Amino acid sequence: YLFNLWQRMRSFTRYDICVQILSLFFLLVCCRVIFLQLPSSSCIQDRRSQFLNEIFSYDGIGNGIKRRDAFITGKISYERKAPLLIGIPTVYRSYKNKTTFYLDRTIKSLIEPLSKEDKRQVNILVVLADTEENKKRFIYQKLNDLFPNEIRSGLIGMIGIPKRFYLPLHDLTPTFNDTSERMYWRSKQSLDYAFIFQYVQNLCDYYLQIEDDVLANDQYFDTIMEDINRLNNARNKEPVIFKGEKETRLKHKPWVISEYYKMGFIGRLIPAHYLDVFAGFFKVFYNELPVDWGYPYMLDIMDPGFSEHRLHVSLFTHIGKISSSIGT
């Protein structure tokens, strides 16, 4: 073989040899680039393990809560950061021993308007907020049966809230003349939201919260993405004067929250870097104020320079007949 190769090389011109050498060099460079750009399976596993072992919150006695304590399924986060993450806290609903389920319609309304390119810009995170494992399993199995491809692709992910995260929820001092059942429900809801905000704050650029019994209109994604660009551009064009002790300086007016539904905490869009502030506020006042009553106070406390954007046309329609708060 070597002799034949030597004989063939003798017939090559100098030009042919140069072309062969350059071709070989180019091939080696391409191979090196490809191998450098494609992460190995062990590298992916390392990133996944690092992500799951990250402590993102703490329980009532100061013990760390790792992502693996909440993670159920999905590719959300450790592979890429989402420009927009939609969070849907959900609980099992039943009335007169009959199960009621709206979540499938909610998710379909979010997915159907999305183009292939849009799906690269958004993740949907379903948060199983029941404390009973059998109720979590019911919703988990239901979604796996209905959206296997979306879960497999990472468009949809699921997490659960560990019981040890919750602060005391029983025998709370009533506020607003609420019953003990109502106090439990709304105090737990505040902690649910705090948990979600802490979990997703490093996983996205913007976070949109909705409920599990609403329908999104066909233009929701385009409207929100256009709003994000418009609000960010407006911030850079509308300086606000702040008077300090020594000088008057210009500071651009940031936006903290944008609203896309008239009631509750449905359709609230928050820049990810403010999520930790919201989480801390909800956790501190979890048994004092309902979520939708509390956050306007938080905005006032933060700084009068912060702004709140209200949309006059709602992007969501509430369809739930059986409330998650039934009996409270």
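This is a predicted model: local features need pLDDT of at least 70, side-chain atom pairs count only at pLDDT 80 or more; totals for chains, interfaces and linings use all residues.
1. A residue counts as buried when its relative accessible area is under 20%. Buried residues make up 43% of the chain's 328 residues.

2. On the overall build, the chain has ten helices and 16 strands. Of the contacts between residues at least 6 apart in sequence, 74% join residues at least 24 apart. The accessible surface is about 19,000 Å², and carbon and sulfur atoms account for 53% of that surface.

3. One is formed by Phe56 and Tyr199, an edge-to-face pair with 5.1 Å from centre to centre and 85° between the planes. This pair links distant parts of the chain: Phe56 is in strand 1 (residues 55-58) and Tyr199 is in helix 7 (residues 180-200), 143 residues apart. Both partners are buried, Phe56 because its relative accessible area is 9% and Tyr199 because its value is 2%.

4. Phe197 and Phe265 form another aromatic pair, this one tilted, with 6.2 Å between the centres and 45° between the planes. It too links distant parts of the chain, with Phe197 in helix 7 and Phe265 in the loop between strand 13 (255-259) and strand 14 (268-271), 68 residues apart. Phe265 has 3% relative accessibility and therefore counts as buried.

5. Ring pairs also build a cluster whose members are Tyr193, Phe197, Tyr207, Phe265, Phe278, Phe281, Phe282, Phe285 and Tyr295.

6. Two charged side chains are placed over rings. The charged end of Arg67 sits over the ring of Tyr199, 4.8 Å from the ring centre. Lys142 lies over the face of Phe101, and here the distance to the ring centre is 5.5 Å.

7. Helix 9 (residues 275-284) has Leu275, Phe278, Ala279, Phe281 and Phe282 as its buried residues. Seen down the axis of helix 9, these fall within an arc of 165°, so they line one face of the helix. In an α-helix there are 3.6 residues a turn, so residues three or four places apart point the same way. The buried residues of helix 9 pack against helix 7, strand 9 (204-209), strand 13, strand 14 and helix 10 (291-302). Phe278, leaving out residues up to four places away in sequence, touches Phe197, Val256, Ile257, Ile270, Tyr295, Met298 and Leu299.

8. Which residues touch the most other members of the largest nonpolar core? They are Phe197, Tyr199, Phe265, Phe278 and Phe282, in a core of 45 residues. At least two residues of this core come from each of helix 3 (41-52), strand 4 (82-90), strand 7 (122-128), helix 7, strand 9, strand 13, helix 9 and helix 10. Helix 7 gives the largest share, nine residues. There is also a second, separate core of 36 residues, which includes Leu103, Leu128, Leu143 and Tyr206.

9. A last point concerns Lys188, which is placed in helix 7. Is Lys188 buried or exposed? Its relative accessibility is 9%, so Lys188 counts as buried. Apart from neighbours within four places in sequence, Lys188 is in contact with Ala129, Thr131, Tyr166 and Leu169.

Notes:
Residues are numbered from 1 along each chain as its sequence is written. Side-chain values use heavy atoms; hydrogens and water are left out. Rings of Phe, Tyr and Trp (its six-membered ring) pair if their centres lie within 6.5 Å; planes under 30 degrees apart count as stacked, over 60 as edge-to-face and the rest as tilted. Helices (H or I, at least four residues) and strands (E, at least two) are DSSP runs, numbered from the N terminus. Buried means under 20% relative accessible area, exposed over 50%, partly exposed in between (1.4 Å probe, protein chains only). A charge sits over a ring if NZ of Lys or CZ of Arg is within 6 Å of the ring centre and within 35 degrees of the ring normal. The arc is that of the directions from the helix axis to the C-beta atoms. Contact means heavy atoms within 4.5 Å. A nonpolar core is a set of buried Ala, Val, Leu, Ile, Met, Phe, Trp, Tyr and Cys residues joined through side-chain atoms within 4.5 Å. Accessible areas come from the Shrake-Rupley method with a 1.4 Å probe; for residues, only the protein chains shown count as cover.
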